[in-house]
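Try each task before reading its solution.

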Amino acid sequence: MLPSSNDPSRVLCLSGHDPVGGAGIHADIESCAALGAHAFTVITANTVQDSRNVQRVTPVAPLLIAAQVDALLADCRIDAIKIGLLGDAAQVAVLVEVIRRNPVPVVLDPVLRAGGGRALVGAQLLLAMEALLPLTTVITPNAAEARVLAPQARTLDECAAALLAQGCRNVLVTGGDEPGDEVVNTWHSAGDAPHAYRWPRIEGGFHGAGCTLASAIAALLAQGHPLATALERAQQWTHRSLRDARALGQGRKIPLRRA
Ligand code: PLP
């Protein structure tokens, strides 16, 4: 069914709260709204951070997450699921159950490290996240995250191959954190040749670029677009959001996510 303004496509977003509003739940709500979808939001972790770096991550109790999701799902249809920062390993079992009960597209942004450098995920959670990989439609690691998820791999292509071997159906490795005048994002899927998207690099650092892209992909998948269209359009729109980003603090710029 085509979405209408009275019956928008809906994305269940499970992400952290970033008080600065660059990343996490803010990015989910703004991206979905800008692209015409509605975000249902469940917070996985509270954070203490500014536009420069994250100081603290406090997980939300898995039972509270489960109760919030159950209440939502008893009431509302969902068309896609977007997962961002996770608080701890115990949350993964809740998410696995949610995905199993709701066969809709799933976008996983494996948030492992803040752009400011702080590690956001410990070894136990990293291991637990493996259970999510085969349940996703697409995962969107940046280059550094791809290397953490596939530590044996020597190149980014090998990282993506290792993730496909772990059950991911599609991997979009983003290259915003790599050097160069161009940002190269590469879509890998089982059985197909990798597809590289090249974008002129926009000067400056951004806080929440990865969250913005992943939520945009989820919003477009929720609307029924094929993955190739969702990836292309979400990147175009994210590029524009970064071009228009504003410096609200002393660190990295906050994307301006508008329709
Ligand atoms: N805080 C939260 C809640 C996030 O979800 C993320 C990234 O997804 C970050 C912080 C780090 O964002 P960035 O790497 O853009 O600084």
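**Exercise 1.** From which polar atom of the Gln91 side chain's surroundings is the distance 2.8 Å: which residue supplies that backbone oxygen?

Solution. This is a predicted model.
- Step 1: Gln91 is in helix H3, which spans residues 90-101.
- Step 2: look for the partner. The backbone oxygen of Thr44 lies 2.8 Å from a polar atom of the Gln91 side chain.
- Step 3: look for a further backbone oxygen.
- Step 4: check the cut-off. A polar contact needs N or O atoms within 3.5 Å.

**Exercise 2.** Decide whether Gln91 is buried or exposed.

Solution. 
- Step 1: read the value. Gln91 has a relative accessible area of 1%.
- Step 2: apply the limit. Buried means under 20%.
- Step 3: conclude. Gln91 is buried, because its relative accessible area is 1%.

**Exercise 3.** Find the side chain that makes a polar contact with Lys82, and state how Lys82 is placed.

Solution. 
- Step 1: locate the residue. Lys82 belongs to strand S4, residues 80-83.
- Step 2: classify it. Its relative accessible area is 0%, so Lys82 is buried.
- Step 3: find the partner. The side chains of Lys82 and Asp28 are joined by a polar contact of 2.8 Å.

**Exercise 4.** Describe how the protein holds the ligand: which residues are closest?

Solution. 
- Step 1: list the shell. The ligand is surrounded by 14 residues, and Gln49, Gly115, His207, Gly208 and Cys211 are the closest.
- Step 2: sort the shell by type. Seven of its residues are nonpolar, six are polar and one is charged.
- Step 3: find a partner for a ligand nitrogen. A polar side-chain atom of Gln49 is 2.8 Å away from one.
- Step 4: turn to ligand oxygen. A polar backbone atom of Gly208 is 2.6 Å from an oxygen atom of the ligand. A polar side-chain atom of Arg252 lies 2.8 Å from an oxygen atom of the ligand.
- Step 5: work out the cover. Alone, the ligand exposes 390 Å², and the protein buries 92% of that.
- Step 6: name the site. The space the ligand takes is the largest pocket.

**Exercise 5.** Classify Arg10, Pro62 and Asp109 as buried, partly exposed or exposed.

Solution. 
- Step 1: recall the limits. Buried is under 20%, exposed is over 50%, and partly exposed is in between.
- Step 2: take Arg10, in strand S1 (residues 10-17). Arg10 is buried, because its relative accessible area is 17%.
- Step 3: take Pro62, in helix H2 (residues 62-75). Its value is 22%, so Pro62 is partly exposed.
- Step 4: take Asp109, in the loop between strand S5 (106-108) and helix H4 (123-128). Its relative accessibility is 4%, so Asp109 counts as buried.

**Exercise 6.** How far apart are the C-alpha atoms of Asp109 and Leu85?

Solution. 
- Step 1: count along the chain. Asp109 and Leu85 are 24 residues apart.

Methods
Residues numbered from 1 in each chain as written. Predicted model: local features only at pLDDT ≥ 70, side-chain atom pairs only at ≥ 80, totals over all residues. Heavy atoms only, no water. Near = heavy atom within 4 Å. Polar contact = N/O pair within 3.5 Å; in protein donor to acceptor, adjacent residues only side chain to side chain. Areas by Shrake-Rupley, 256 points an atom, 1.4 Å probe, with all protein chains shown as cover. 1 Å grid on protein atoms, 1.4 Å probe; cavity = no way out; pocket = protein on both sides within 12 Å on 5 of 7 lines; lining within 4 Å. Sits in = over half its atoms within 2 Å of the grid points. Nonpolar A, V, L, I, M, F, W, Y, C, P; charged D, E, K, R; others polar. Helix = DSSP H or I, 4+ residues; strand = E, 2+ residues; numbered from the N terminus. Buried < 20%, exposed > 50% of the residue type's maximum accessible area, 1.4 Å probe, protein only.
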